[in-house]
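Hi,

Here is the structure you asked for. My notes on it follow below.

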Amino acid sequence: MFNALKTHFATATNRRRFNLAVLAVPATVWLLFFFVLPLVIVLLYSVLERGIYGGVEWQFTLENYQRLLNPIYWGIFGRSLWLAFMTTLACLLLGYPLAFFIASRPPQWRNTLLLLVIIPFWTNFLVRIYAWIVILRQEGVINVLLQSFNLIDQPLDLLFNSFAVTVGLIYGYLPFMILPLYATLERFDFSLLDAAQDLGANDLKTLIRVVIPLTLRGVVAGSLLVFIPAVGEFITPDILGGAKTVMMGNLVQSQFLSARNWPFGSVLSIVMIVIVLIPIVIYFRVAEEKLNA
Amino acid sequence: MNSAASPDFKHTVDLAIRHVGRFGLWAITLGGLAFLYLPIAILVVYSFNASRMNAVWRGFTLDWYRSLFAGVTESGVDVTNAQIWDALWNSLWVGGISTVVATILGTLVALALERFRFKGRNALEALLFLPIIIPDITMGISLLVLFSLLFQLLQTVLGVRLVLDLNTVMIGHITFNISYVAVTVRSRIAELDPALEEAAMDLGADELRTFWRVTLPLIFPGILSGALLAFTLSLDDFVITFFTAGVGSTTLPVFVYGMIKLAVTPAINAISTLMLLASLLIVLLSLALQRRST
């Protein structure tokens, strides 16, 4: 047996094939079984009837998709998109100057500053979200401070609303914006600033006409990296939000764990995947066109 | 401002813009860093605050740390010694095993993609890319659905009863970590000069020998960063664990989530501070490793 194999793989092409198989097959099989197959099952469950205690009845139906027409769900999708959009915008407005500042320092400073941005990101996501409860709650840092200076009589309701969720999302995903922005700004040729100035442009004009257009790649990449996880978030609204800040992720979770409606939960997951894939596909299409042009 | 404005005026405006710009850049940078660090700093400070109810400072205490280690039951939160250590152990166990498996599978597939041109290469790249971009929760629920169907099947066909446990959590972590390891290792292989491997072959080393003696040592720093990333992501993961864990397979993030959901107590600040310290140690360790390898 072994000798037969040995002769078979003796030729160069066959040995090459064998090597490739050893390298590529394990991960491929794993991902097909534990990533693709589960998604196929979700797709299948989305057209089946719900079981009483979770699970499904093997009976074809399109009812679960019809339920999507209910305006309640449109409101939740809209809110998810809106909060993710606001988060992306805030991260961009905060992240761009920060990345520009770091990229325009002398080289020996850049790595230290970049490390300073990344370190908080290494701490557990739950811990970072929880920190905002300590800050925002009624007995929290902000309310205690404001009350001790007699600026307010009643504690402000800062927690369990869309404000708290947005702050949490910005805090969670800001580094995702800064890193790609820094990567493009670092390669930006800063002598172009002097050139623009010599040609009579002031700093604002230089920023809008020269710097931003030349670093648009980083802006788009960073925005995608923030928007995509933010729109599918479930912990941040779960911990910092309330009944009025339910996002898509919370809806999926409740369908699977409390409402026990797996088919409708599957439909919602598919909607979420589609929403995430649309900007990615557009991004790659545009990048491809730019490359071909 | 039109072109008829005097040069002096334009100069003044330009200068004002420059000053505002400079000031704004510094202000936003310092503000941004404060935004990143203040919440963490506050968490650490309040883990030593004697006040149980609110953010007023009532003096220094180590009570909250003691409650973590001594097994005190307080305000309905059953913070027992054993539970925390179990959760920590589960996290490390899942993190360790999933890192080893994902690092091996991820490194192999990275070599395949960087060293071979073959049919289905683009499809394989897409397959590796998808777990990174897909929302965590969809991955979590799809694994939950897979396991429930699989277990049902096993029960009816073979009569074997399986439940969600640490193994299912581990499978979930391996699944998302393969992609991250592959990305990290690929970037290292791409930097590698293929002439080095060719030279080894020319000198008479066969493929296996070349791999062990030349390729592997050269890409090892990339493998190490990939493994560290995988370990960190595994320790950090809440969402996928939440959906694939069963009774008795609580990891540290799931445990902390339970504490937060039940009641906000200073004990959570204490455990958060300890987790912070641990991740800081991992950062320092990985920096030291990187410095040694370059």
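**What I found**

Of the 293 residues in chain A, 39% are buried, meaning that 20 or more other C-beta atoms, placed from the backbone, lie within 10 Å of a residue's own. This is a predicted model: local features need pLDDT of at least 70, side-chain atom pairs count only at pLDDT 80 or more, and totals for chains, interfaces and linings use all residues. Residues are numbered from 1 along each chain as its sequence is written, while chains are lettered from A and ligands numbered from 1 in the order in which they are written.

Chain A first. It holds 14 helices and 2 strands (DSSP runs: H or I, at least four residues, for helices; E, at least two, for strands; numbered from the N terminus). Its C-alpha atoms fill a box of roughly 75 × 55 × 35 Å along the principal axes.

Now chain B. Domain 1 spans 7-46 and domain 2 spans 64-293; the bounds come from an automatic or database domain assignment. Their centres, over C-alpha atoms, are 38 Å apart. Domain 1 of chain B gives 4 residues to the contact between them, and domain 2 of chain B gives 5 (contact: C-beta atoms, placed from the backbone, within 7 Å).

What does each chain give to the contact between chain B and chain A? Each gives 66 residues. H1(B) supplies the largest share of chain B's side, 17 residues. That side divides into 47 nonpolar, 14 polar and 5 charged residues (nonpolar: Ala, Val, Leu, Ile, Met, Phe, Trp, Tyr, Cys and Pro; charged: Asp, Glu, Lys and Arg; polar: the others, Gly among them).

Best wishes

Definitions and conventions:
Buried ≥ 20, exposed ≤ 12 C-beta atoms within 10 Å, placed from the backbone. Contact = placed C-beta atoms within 7 Å.
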